[in-house]
Amino acid sequence: MSDALINGLAGAGGGIIAQLITYPLQTVNTRQQTERDEKKVKRKHGTLEQMCQVVKNEGWGRLYSGLAPSIVGTACSQGVYYYFYQIFRDRAEAIARENKRNGIGDGSVGMLSSLVVAALSGCTNVLLTNPIWVVVTRMQTHTKNSKKSQPSHSSIAPDEKALDSLECPPYGTGHVIQELYDEAGIWGFWKGVLPTLIMVSNPSMQFMLYETMLKKLKRKRALVKQGDTGVTALEVFLLGALAKLGATVVTYPLLVVKSRLQAKQSTTGDKRHHYEGTLDAILKMIRYEGLHGFYKGMSTKIVQSVLAAAVLFMIKEELVRGARMLLTKGGTRTGRTRPA
């Protein structure tokens with residue numbers, strides 16, 4: 001089994017577990033990002049309060065709305081990303097070794113090369129899996145007003161009526177797919193792909209920071225423990241958390257724009273909340289909501305992203321290590337039992 005396949009499967013497994021643990025936070029965060037508030041109007045409820053409101057008005061199940069396609073998307077995204085990342089990484093390492101033989105560099109992959117490798121992997125992943133995430137965003141932002149707490153129509157603004165619909169029929173994956181196709185045809189499944197492609201810089205930064213910190217830690221460990229470069233699961237957890245924190249802070253505004261484009265929009269009424277494309281969304285958000293609009297729900301996203309990334313890295317490394325041990329033992333046994 002190749003390293004690329006091992007890393008791809010391990011990344012998919014780690015991604016699914018991290019998704020299951022942090023999904024309620026992700027649902028609340030997507031709703032926060034798609035809220036339309038005027039300038040200087042602050043959100044009344046915090047993350048925990050908003051989660052309680054969802055449970056009270058819509059039930060526990062709404063916190064996990066879109067979980068099934070999200071798990072499929074996570075498995076596909078992580079598997080595709082790590083598979084191609086390992087392929088591009090192996091190529092970059094081969095080029096670095098060749099350069100060393102020619103007297104250029106020290107044979108290791110530098111920061112720029114790591115950034116390019118992560119960016120190429122990320123672009124491949126986005127183009128292949130964007131339709132899944134459009135469906136997930138639609139399901140997460142679809143609201144269901146409870147009969148007990150349903151507000152009177154006079155207290156709801158016209159644009160909010162269009163955005164918040166009562167859930168009469170079940171709003172499942174098939175319903176969302178049909179709705180998207182009816183709205184924009186096949187290209188509707190690639191809504192928000194431009195800011196998502198630009199957001200490739202997030203995992204690129206994340207992996208660049210992670211691998212740089214990991215390399216420095218292994219180098220220090222080798223000096224202290226005479227060649228031992230092993231790192232613990234806790235250390236991988238902390239490095240993954242720090243790397244994701246730095247990347248999230250920088251790229252968060254693009255994530256908000258992407259969520260706005262992928263969520264269901266009002267086609268009638270107030271045009272302030274209807275976006276024709278990425279640039280139109282950015283300009284309208286600046287005009288009507290100010291810079292504050294680009295950072296809605298950021299604290300929730302930081303908690304969710306850092307926790308998910310830390311769990312992902314820890315589980316992935318353990319799965320890769322376990323798979324290699326099993327393969328090594330299997331190879332040793334085969335060698336011992338092979339007839340002379």
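**Exercise 1. State how H1 and H3 run relative to each other, then describe their contact.**

*Solution.* H1 and H3 are roughly antiparallel (angles over 145 degrees; under 35 is roughly parallel, 65 to 115 roughly perpendicular, the rest oblique). This is a predicted model, in which local features need pLDDT of at least 70, side-chain atom pairs count only at pLDDT 80 or more, and totals for chains, interfaces and linings use all residues. Residues are numbered from 1 along each chain as its sequence is written, and side-chain values use heavy atoms, without hydrogens and water.

Step 1: take the geometry. The packing angle of H1 and H3 is about 150°, and their axes lie 7 Å apart. Axes are lines fitted to C-alpha atoms over the stretch in contact, with angles from 0 to 180 degrees between N-to-C directions. Helices are DSSP runs (H or I, at least four residues) numbered from the N terminus.

Step 2: take the hand. H1 and H3 cross right-handed, meaning that the near helix is turned clockwise from the far one by less than a right angle.

Step 3: list the partners. On the H1 side, the contact (heavy atoms within 4.5 Å) includes Gly8, Gly11, Ala12 and Gly15. Among the H3 residues they meet as a group are Ser70, Thr74, Gln78 and Tyr82.

Step 4: sort by class. The H1–H3 contact has twelve nonpolar, ten polar and one charged residues. Asp, Glu, Lys and Arg count as charged; Ala, Val, Leu, Ile, Met, Phe, Trp, Tyr, Cys and Pro as nonpolar; the others, Gly among them, as polar.

**Exercise 2. Work out how H4 is placed against H1 and against H3.**

*Solution.* Step 1: H1 and H4 (residues 111-141) pack at about 70°, with axes 9 Å apart. H1 is therefore roughly perpendicular to H4. Their crossing is right-handed.

Step 1: H1 brings Gln19, Tyr23, Gln26, Thr27, Thr30 and Arg31 to this contact, and H4 brings Trp133, Val136, Thr137, Gln140 and Thr141. By class, the H1–H4 contact has three nonpolar, seven polar and one charged residues.

Step 2: H3 and H4 pack at about 170°, with axes 8 Å apart. H3 is therefore roughly antiparallel to H4. Their contact has 18 nonpolar, ten polar and one charged residues.

**Exercise 3. Describe the largest cavity and the second largest pocket.**

*Solution.* On a 1 Å grid over the protein atoms alone, a 1.4 Å probe fits in a cavity but cannot get out; a pocket is an open set with protein on both sides within 12 Å along at least five of seven lines; lining residues have an atom within 4 Å of a point. Grid points join across faces, edges and corners, and volume is the space filled by probe spheres set on them.

Step 1: the cavity. The whole structure holds two cavities of 30 Å³ or more. The largest has a volume of about 1000 Å³. It is lined by 42 residues, with Gln78, Trp133, Met199, Lys244 and Lys301 closest to its centre. The lining has 14 nonpolar, 25 polar and three charged residues.

Step 2: Of its 24 lining residues, Glu211, Leu214, Lys218, Glu317 and Arg324 are closest to the centre. H1, H3, H8 and H11 each supply at least two lining residues. The pocket lining has nine nonpolar, four polar and eleven charged residues.
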